[in-house]
Amino acid sequence: MGAHVSRTDYEWSYTEEPHATRRKEILAKYPQVKKLMGTNPNLKYIVTLMVLVQILAAYFIQDASWVTVVLLAYCFGGTINHSLTLAVHEISHNLAFGHSRPLANRILGFWANLPIGIPMSISFKKYHLEHHKYQGDDMRDVDIPCKLEGQFFTNTMTKFIWVLLQPWFYALRPLFVYPKPLTTLEVINVVIQFSFNAAIAYFFGAKSLVYLVAGTLMATGMHPLAGHFISEHYMFIKGYETYSYYGCLNYLTFNVGYHNEHHDFPNIPGCNLPQVKKIAPEYYDNLPCHRSWVKVIYDFITDPEIGPYSRIKRNPKTDKQSTNGKAVETNSESNNNGDIKATNGDIKPTNGHVQNGLEHRSVSKTPLQSS
């Protein structure tokens, strides 16, 4: 079954997430970053091309063998569909047509959703924006695995299964952890998606529909692109809750790997995120990062120090609540009743300094090779 995971609880933090503070500092020092905000005018064309390629592929694969269908679904169709889910991510931030045209963004989201086979564009937006606003929140951030996941997937074999089933957990977790009322746009999303699926099955056949849906499920599980799910916020180094990935797969994923930059500036389209790092290198070059999503998956499965509990959490709070600006230690301990033991005092870094309440620690500039 493999090595047993050493963590038995989340890493609990009693300070704000780092992105709002860093955003404020960068904008004060480099106001030209504001020019990068806006939309990606090419996004709608890229999405349309990918959707049409997938429909064409579904047509040509209708008479192929099942082995060919599965292989192409994983290697080709799944890669495109995973890329489309990240196009939906961009669209959820209104980066296709801007905040002044929300309906146009939602319609493009419906269009991008079609080859994915599973209606998700509206529901994703509903939960994802709160992941940004309440990062690590014990109730609102459904990107974090639930306690059942942390308690069950505790060794190499079960973590391997967890990675395989990752799309199911990602899709179903919000319904149990933080259920929300169904919206009209979600119903429209479902109707459009299932109508498209029915049309594919009717005109092209079952193999074509399997090619699309199975490609999505496989490519968001044990697939190189799916490494971004783990690399973004799983705590490979204690105290760091967001990690960027600087590698070639960013070309297929709308630069979602630039994740520190994205959380600092969610209103900057992915095509401009590398320029954020270029303008303000001192804010990113010393942060730990990843160079390989494949290695991220491997480390997650095999390293006993990493598991579903390797996430930073914060106690739920209202919009009006804020911290006193002091950096406070994180602590993963809890008492027998599940209550969290708060810690007192400011962090006193041994290798760095504190500036404007934000800790700047000197860490190796080399990317994470192992945890």
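A polar contact is a pair of N or O atoms within 3.5 Å; within protein, one must be able to donate a hydrogen and the other to accept it, and residues adjacent in sequence count only if both atoms are side-chain atoms. The model here is predicted, so local features need pLDDT of at least 70 and side-chain atom pairs 80 or more, while totals for chains, interfaces and linings use all residues. Residues are numbered from 1 along each chain as its sequence is written, and side-chain values use heavy atoms, with hydrogens and water left out.

**Exercise 1. Find the side chains that make a polar contact with the side chain of histidine 19.**

Solution. Start by locating the residue: histidine 19 is found in helix 1 (residues 19-29). Helices are DSSP runs of H or I with at least four residues, and strands are runs of E with at least two, numbered from the N terminus. Next, look at the side chain of histidine 19, which contacts that of arginine 22 at 3.3 Å. The side chain of glutamine 135 is another partner, at 3.4 Å. Finally, histidine 19 has 1% relative accessibility and so counts as buried (buried is under 20% relative accessible area, exposed over 50%, partly exposed in between, with a 1.4 Å probe and protein chains only).

**Exercise 2. Classify the aromatic pair of tyrosine 10 and tyrosine 309.**

Solution. Recall the rule first: rings of Phe, Tyr and Trp (its six-membered ring) pair if their centres lie within 6.5 Å; planes under 30 degrees apart are stacked, over 60 edge-to-face, the rest tilted. A search of the whole structure gives 16 such pairs. For tyrosine 10 and tyrosine 309, the centres are 4.8 Å apart and the planes at 90°, an edge-to-face pair. Tyrosine 10 precedes strand 1 (11-12) and tyrosine 309 lies in the loop between helix 14 (293-302) and strand 4 (312-313), so the pair ties together parts 299 residues apart in sequence. Both tyrosine 10 and tyrosine 309 are buried.

**Exercise 3. Work out whether tyrosine 59 and phenylalanine 60 are stacked or edge-to-face.**

Solution. Their ring centres are 5.2 Å apart with planes at 75°, so this pair is edge-to-face. Then check accessibility: tyrosine 59, at 41%, is partly exposed, whereas phenylalanine 60, at 61%, is exposed.

**Exercise 4. Identify the ring over which the charged end of lysine 277 sits.**

Solution. The test asks for NZ of Lys or CZ of Arg within 6 Å of the ring centre and within 35 degrees of the ring normal. The ring is that of tyrosine 246, with the charged end of lysine 277 4.9 Å from its centre.
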